[in-house]
Amino acid sequence: QVQLVESGGGLVQAGGSLRLSCAASGSIFSISAMGWYRQAPGKQRDFVALVTSGGSTNYADSVKGRFTISRDSAKNTVYLQMNSLKPEDTALYYCNAVVRRSGADQYDDYWGQGTQVTVSS
């Protein structure tokens with residue numbers, strides 16, 4: 001199996017910064033993309049950012065210029081540097097990885113348990 005473990009969430013004042021980390025482990029053959037999604041109370045889970053195996057990145061419009069996603073492929077780890085945080089960034093942040101397991105022919109989606117980010121005004 002594949003496990004994703006997030007860390008780095010917490011409480012921060014508006015304008016502050018946080019850095020999230022997500023490490024993938026298990027029977028991994030390759031990872032094509034890793035990313036972050038978030039879900040605020042009573043709302044759907046929304047895309048935040050992703051980075052491909054080739055290093056291409058994509059961001060939601062709401063976080064462009066404030067958040068930066070990066071990846072350490074050797075460690076199967078993805079990071080999300082969040083700057084200039086706003087109260088509306090408050091949510092449970094989930095890590096996602098598109099993984100081909102050892103011995104498998106296809107890629108599957110895997111999710112972490114989530115890490116809470118709370119931004120106070």
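Which residue does a disulfide join to Cys22? In this predicted model, a disulfide joins Cys22 to Cys95, with an S to S distance of 2.1 Å. The structure holds 1 disulfide. A disulfide is a covalent bond between the sulfur atoms of two cysteines. The link of Cys22 and Cys95 is left-handed, with -80 degrees about the S-S bond. Cys22 lies in strand E3 and Cys95 in strand E9 (residues 91-101), so the pair ties together parts that are 73 residues apart in sequence. Both Cys22 and Cys95 are buried.

Strand E3 (residues 18-26) also holds Leu18. Leu18 counts as buried because its relative accessibility is 15%, under the 20% limit for that class. Apart from neighbours within four places in sequence, Leu18 is in contact with Gly8, Gly10, Val12, Leu80, Gln81, Met82, Leu85 and Val117. Lys43 is 25 residues from Leu18 along the chain, and the C-alpha atoms of Leu18 and Lys43 are separated by 22 Å.

Aromatic pairs were examined next. A pair of aromatic rings is described by the distance of the centres and the angle of the planes. The structure holds 2 aromatic pairs. Tyr37 and Phe47 form an edge-to-face pair, at 5.6 Å centre to centre and with 75 degrees between the planes. This pair links distant parts of the chain, 10 residues apart, with Tyr37 in strand E4 (residues 28-39) and Phe47 in strand E5 (residues 45-52). Tyr37 counts as partly exposed, at 22% relative accessibility. Phe47 is likewise partly exposed, with a relative accessible area of 25%.

Tyr37 also pairs with Trp111: the ring centres are 5.0 Å apart and the planes are at 65 degrees, so the pair is edge-to-face; the angle is over the 60 degrees needed for that class. Because Tyr37 lies in strand E4 and Trp111 in strand E10 (residues 108-111), the pair ties together parts that are 74 residues apart in sequence. Trp111 counts as partly exposed, at 35% relative accessibility. Tyr37, Phe47 and Trp111 form one aromatic cluster.

Arg45 lies over the face of Trp111, a member of this cluster, at 4.7 Å from the ring centre. Arg45 also lies over the face of Tyr94, where the distance from the ring centre is 3.6 Å.

Definitions and conventions. Residues numbered from 1 in each chain as written. Predicted model: local features only at pLDDT ≥ 70, side-chain atom pairs only at ≥ 80, totals over all residues. Heavy atoms only, no water. Helix = DSSP H or I, 4+ residues; strand = E, 2+ residues; numbered from the N terminus. Buried < 20%, exposed > 50% of the residue type's maximum accessible area, 1.4 Å probe, protein only. Contact = heavy atoms within 4.5 Å. Disulfide = S-S within 2.5 Å. Phe/Tyr/Trp six-rings, centres within 6.5 Å; stacked < 30°, edge-to-face > 60°. Lys NZ or Arg CZ within 6 Å of the ring centre and 35° of its normal.
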